[in-house]
Amino acid sequence: MKIALVDIKKDGDNKDFNGGFGTTFQIGKSIPSRVLSFLRGKLENLPTLSYVYIAGICKKYNHSVKYYLNEIPDSADLILIHVSLIRYNEEINFIKKMKQKGLNNIGVYGPIASVKPEFFKDADFVLKGEPEQAIINIFEMNKVPKGVIESKPIEDLDSLPYPDWSCFPVEDYSLSPAISKKPTLWVHASRGCPYKCSYCPYLVFGKYRARKPEKVIEELKYLKEKYNIKGFFFRDPTFSINHERIKKLAELMIKEELNLEWGCETRLDLLDISLLNLLYKAGLRAIKVGVESVDHDLLKKYKRLPPEINHQEKIINFCKKIGIRVIAFYIIGIPTDTKETIKNTINYSRRLNTSFANFTICTPIPGTDFYEEIKEKISDNNFNHYDNFHVVFKHDNLTSKEILDFQEKAITGYYFRLKY
């Protein structure tokens with residue numbers, strides 16, 4: 001079969017972030033805002049990892065596969081699209097154009113397709129769940145399905161073939177400045193998250209599952225040998241859940257002398273000094289962490305279990321000391337936020353003074369408990385705006401303009417200051 005992987009993106013988009021629903025980086029029209037948006041769009045460039053996993057499955061089953069970025073294929077036996085919130089309108093139009101051109105067997109997948117399959121009536125089929133098992137079934141049965149298809153999560157992640165990067169522009173991929181070396185690629189050491197934050201989009205897809213450290217090392221060696229990678233980033237939502245497993249992984253990196261610069265996303269209360277020293281020795285140079293708000297009582301209302309403040313600051317300061325860049329995430333416009341709580345969080349972010357910081361607007365993502373809790377307050381049904389940079393529900397304490405102004409001032413004020 002001839003497989004087409006069709007991706008619709010704009011500069012600054014990342015459809016892998018926000019649990020696969022996607023996010024952008026639109027922070028206003030001021031000159032500082034435009035400078036930061038331009039730099040983000042040019043420096044950070046990575047693909048949607050699901051495409052690369054699907055390409056690996058295609059290769060295993062001896063099917064040809066091609067990646068199309070913002071382009072309609074001339075012909076294909078099977079077309080697959082990771083649909084998102086941030087490019088929902090463009091993706092719907094793309095599907096219609098492909099149909100008008102006479103293309104068939106168009107399938108969509110992704111978290112938004114899983115929770116709202118009825119949104120994609122123009123597609124020939126919709127995969128609900130992680131896509132790999134359904135795609136394996138298609139190849140083994142040699143039959144393209146119709147309608148809505150349940151796709152069960154892969155229990156043993158190590159049973160999947162390595163992601164195949166050969167039809168993607170690997171040399172262009174970068175996560176700069178968090179990881180300074182190129183090319184930098186995504187890697188999964190685990191999927192899913194056991195925590196229950198009500199607003200978190202990562203809970204929509206699959207339970208927590210982890211790969212064997214030895215299998216992760218095999219993949220890293222393969223990526224280094226075949227694609228000459230200089231860095232990588234673990235796309236796990238919560239990388240350091242099991243310390244013994246992570247220690248073993250780090251020890252194997254050191255033993256194999258991989259000499260790769262890498263990063264991960266995790267919780268600050270899942271890190272300690274001993275573990276960080278080991279991870280640094282293994283090549284860790286960047287971590288993404290959710291600080292979210294300095295008001296912990298506010299966070300707990302949404303089932304967020306924030307790290308204890310003293311531990312949080314201890315870990316961040318230690319990372320600075322040994323040379324691990326910290327990217328801290330903050331949320332603006334949580335329903336119980338006030339002007340005072342937002343100002344306190346912005347001031348706290350500057351006191352922490354991490355290497356990088358991002359301030360996103362609280363967004364009800366379909367499929368989350370938070371979405372169900374406030375759906376009656378939703379004021380904007382244009383899903384392209386569910387990108388963490390638009391206000392889409394009526395806030396009890398703040399106007400939309402106030403929230404947007406706070407976000408722009410938080411981001412531009414963070415980077416355009418003498419202490420930074």
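The following legends describe close-up views of a predicted model.

Residues are numbered from 1 along each chain as its sequence is written, and side-chain values use heavy atoms, with hydrogens and water left out. Because the model is predicted, local features need pLDDT of at least 70 and side-chain atom pairs count only at pLDDT 80 or more, whereas totals for chains, interfaces and linings use all residues.

View 1. Helix α7 covers residues 243-255; here helices (H or I, at least four residues) and strands (E, at least two) are DSSP runs, numbered from the N terminus. Its 13 residues reach 18 Å from the first C-alpha to the last, close to the 18 Å expected at 1.5 Å a residue, the expected span being 1.5 Å times one less than the number of residues. Arg 245, Ile 246, Leu 249, Ala 250, Leu 252 and Met 253 are buried. Seen down the axis of α7, the buried residues fall within an arc of 160°, so they line one face of the helix; the arc is that of the directions from the helix axis to the C-beta atoms. On the other side of α7, Glu 244 and Lys 255 are exposed. Buried means under 20% relative accessible area, exposed over 50%, and partly exposed in between (1.4 Å probe, protein chains only). An α-helix has 3.6 residues a turn, so residues three or four places apart point the same way.

View 2. After α7 comes Glu 257, whose phi is positive, near 50°.

**View 3. The largest cavity.** The structure holds two cavities of 30 Å³ or more. On a 1 Å grid over the protein atoms alone, a cavity is a set of points where a 1.4 Å probe fits but cannot get out, and a pocket is an open set with protein on both sides within 12 Å along at least five of seven lines; lining residues have an atom within 4 Å of a point. The largest cavity has a volume of about 390 Å³, a volume being the space filled by probe spheres set on the points, with grid points joined across faces, edges and corners. Of the 21 residues that line the largest cavity, Asp 16, Gly 19, His 188, Arg 191 and Phe 205 are the closest to its centre. The elements that give two or more residues to this lining are α2 (49-60) and β10, and α2 gives the most, with three residues.

**View 4. The second largest pocket.** About 340 Å³ of space lies in this pocket. Its lining has 20 residues, of which Lys 9, Asp 11, Gly 41, Asn 45 and Leu 69 lie nearest its centre. At least two lining residues each come from α1 (31-43), β2 (44-45) and β3 (64-69), and α1 supplies the largest share, three residues.

**View 5. Two cis peptide bonds.** A cis peptide bond joins Ser 176 and Pro 177, with omega about 5°. The bond from Lys 182 to Pro 183 is also cis, with omega near -5°. Pro 177 lies in the loop between β8 (174-175) and β9 (184-187), and Pro 183 is placed in the loop between β8 and β9.

**View 6. Asparagines with positive phi.** Asn 18, in the loop between β1 (2-7) and α1, has a phi near 60°, a positive value in a residue other than glycine. Asn 18 is buried, with a relative accessible area of 12%. Asn 353, in the loop between α11 (339-352) and β16 (356-361), has a positive phi of about 50° although it is not a glycine. Asn 353 counts as buried at 17% relative accessibility.

View 7. Met 1 lies in the segment before β1 and is partly exposed, with a relative accessible area of 27%. Leaving aside neighbours within four places in sequence, Met 1 is in contact (heavy atoms within 4.5 Å) with His 63, Ser 64, Asp 77, Leu 78, Phe 139, Asn 142 and Val 144.
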